[in-house]
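Here's a quick briefing to read with the model open beside you. Take the topics in any order you like.

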Amino acid sequence: MHINSLVLAFVAPLIALTSAAPLMRRAPATIHTKCTVPGTFALSFDDGPYNQTWDLIKTLNEENIKATFFINGNNFDNIETESVTTSDGVRSYLDHLRFMHTSGHQIASHTYEHAVLTGLSEEEVTRQMNALSDIIYNTVSVRPRYMRPPTGAYDDTVLNILGNLGYEVAIWDIDPKDYEDYDLQRKEDVFSSYLDQETATPPTSAHMSLMHDVHPQTGPYLLPWVVRQVRAKGYRFATVAECLNDPRPYQ
Ligand SMILES: [Zn+2]
């Protein structure tokens with residue numbers, strides 16, 4: 001028997017024994033519900049990319065704002081295989097990811113299929129996270145470290161699995177429920193109720209807002225209004241990682 005075969009004969013059973021469980025268990029994922037750097041405001045967009053996303057990115061870029069996109073892999077459309085018509089012509093969704101990344105926006109995970117993670121097996125949660133992470137990595141060479149669980153649903157089991165996969169959980173503190181209806185005033189009132197509480201100049205509070213780039217009203221109508229109001233209050237726009245003073249948006 002060759003020496004390498006001998007070594008393998010001893011090592012192989014050990015590998016078989018240890019491969020059933022992950023070699024390293026990390027702490028449960030940390031939950032962030034608002035920004036912590038005073039005076040920052042993180043715009044975040046969930047559920048895309050979809051047919052409004054390209055132009056929403058352009059709006060952000062024209063305003064010189066870096067935002068955060070909690071994307072899905074297969075929600076409204078399949079981002080690996082489908083394309084959409086934008087103001088710049090037809091663009092694949094993978095082009096959207098490249099556009100987000102080169103524009104300096106933070107790409108974060110909202111699971112592969114917008115799966116509500118509570119009640120799912122560890123295997124399925126892992127699949128939902130890894131499938132999307134692989135697509136992002138293969139497209140822009142980064143893996144997201146931040147995720148937002150669909151519907152905001154999580155429990156200890158989910159946090160344990162996400163933590164083990166290296167994720168931080170970002171929720172939000174301002175939710176205008178932009179997906180519910182077309183009542184723009186109602187959504188503006190939600191933002192105003194938070195912004196009106198801030199009396200200091202520059203602001204000492206910090207916020208993380210939730211919107212949906214898939215909603216047709218959000219990019220063209222709600223976002224420009226929010227940008228004006230937030231700027232008027234003196235907040236500085238930041239990505240989710242930046243507003244948490246975290247230099248590592250990616251794994
Ligand atoms: Zn969602």
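Over residues 39-238 the chain is 38% helix and 18% strand, and the end C-alpha atoms of that stretch sit 10 Å apart. Helices here are DSSP runs of H or I with at least four residues, strands are E runs of at least two, and both are numbered from the N terminus. UniProt, in an unreviewed entry, places "domain: NodB homology" at residues 39-238; its positions are given in the numbering used here, the feature name is shortened, and annotations may be inferred rather than shown by experiment.

Keep in mind that this is a predicted model: local features need pLDDT of at least 70, side-chain atom pairs count only at pLDDT 80 or more, and totals for chains, interfaces and linings use all residues. Residues are numbered from 1 along each chain as its sequence is written.

**The whole chain**

- You'll find eight helices and ten strands in the chain.
- The C-alpha trace spans about 75 × 40 × 30 Å along its principal axes.
- Of the 251 residues, 40% are buried. Buried means that 20 or more other C-beta atoms lie within 10 Å of the residue's own, exposed means 12 or fewer, partly exposed is in between, and C-beta atoms are placed from the backbone.
- Take the contacts between residues at least 6 apart in sequence: 78% of them join residues at least 24 apart. A contact here is two residues whose C-beta atoms, placed from the backbone, lie within 7 Å.

- S2 pairs with S9 in the parallel sense over six bridges, with Ser44 standing opposite Leu210 of S9. Two strands count as paired if DSSP finds at least two bridges between them.
- S2 also runs parallel to strand S3 (residues 68-71), with three bridges joining them; here Ser44 stands opposite Thr68.
- Strand S10 (residues 236-237) is another parallel partner of S2, joined by two bridges, and Phe41 is opposite Phe237 there.

- Strands S4 (residues 83-86) and S5 (residues 89-92) run antiparallel and are joined by four bridges.
- Ser83 has Ser92 of S5 as its bridge partner.

**Helices H2 and H3**

- Two packed helices are described by the angle between their axes and the distance between the axes.
- The axes of H2 (residues 53-62) and H3 (residues 93-102) come within 10 Å and cross at roughly 10°. Axes are lines fitted to C-alpha atoms, for helices over the stretch in contact, and angles run from 0 to 180 degrees between N-to-C directions.
- H2 and H3 are therefore roughly parallel to each other. Under 35 degrees counts as roughly parallel, over 145 as roughly antiparallel, 65 to 115 as roughly perpendicular, and the rest as oblique.
- Thr53, Trp54 and Ile57 of H2 meet His96, Phe99 and Met100 of H3.
- Those contact residues split into four nonpolar, two polar and no charged. Ala, Val, Leu, Ile, Met, Phe, Trp, Tyr, Cys and Pro count as nonpolar, Asp, Glu, Lys and Arg as charged, and the others, Gly among them, as polar.

- Most residues other than glycine have a negative phi, and most peptide bonds are trans.
- Gly48 and Pro49 are joined by a cis peptide bond, with omega about 0°. Pro49 lies in the loop between S2 (40-46) and H2.
- Thr201 and Pro202 are also joined by a cis bond, with omega about -5°. Look for Pro202 in the loop between helix H6 (184-195) and strand S9 (207-212).
- Thr111 has a positive phi, near 80°, and sits in the loop between strand S6 (106-109) and helix H4 (122-140). Thr111 counts as buried, with 25 C-beta neighbours inside 10 Å.
- Lys177 has a positive phi near 50° and is in the loop between strand S8 (168-170) and H6. Lys177 is partly exposed, with 14 other C-beta atoms within 10 Å.

**Ala241**

- Where is Ala241? Ala241 lies in helix H8 (residues 240-243), and Ala241 is buried, with 22 other C-beta atoms within 10 Å.
- The C-alpha atoms of Ala241 and Gln106 are separated by 7.9 Å, though these residues are 135 apart along the chain.
- Leaving out residues up to four places away in sequence, Ala241 touches Gln106, Tyr146, Asp246, Arg248 and Pro249.
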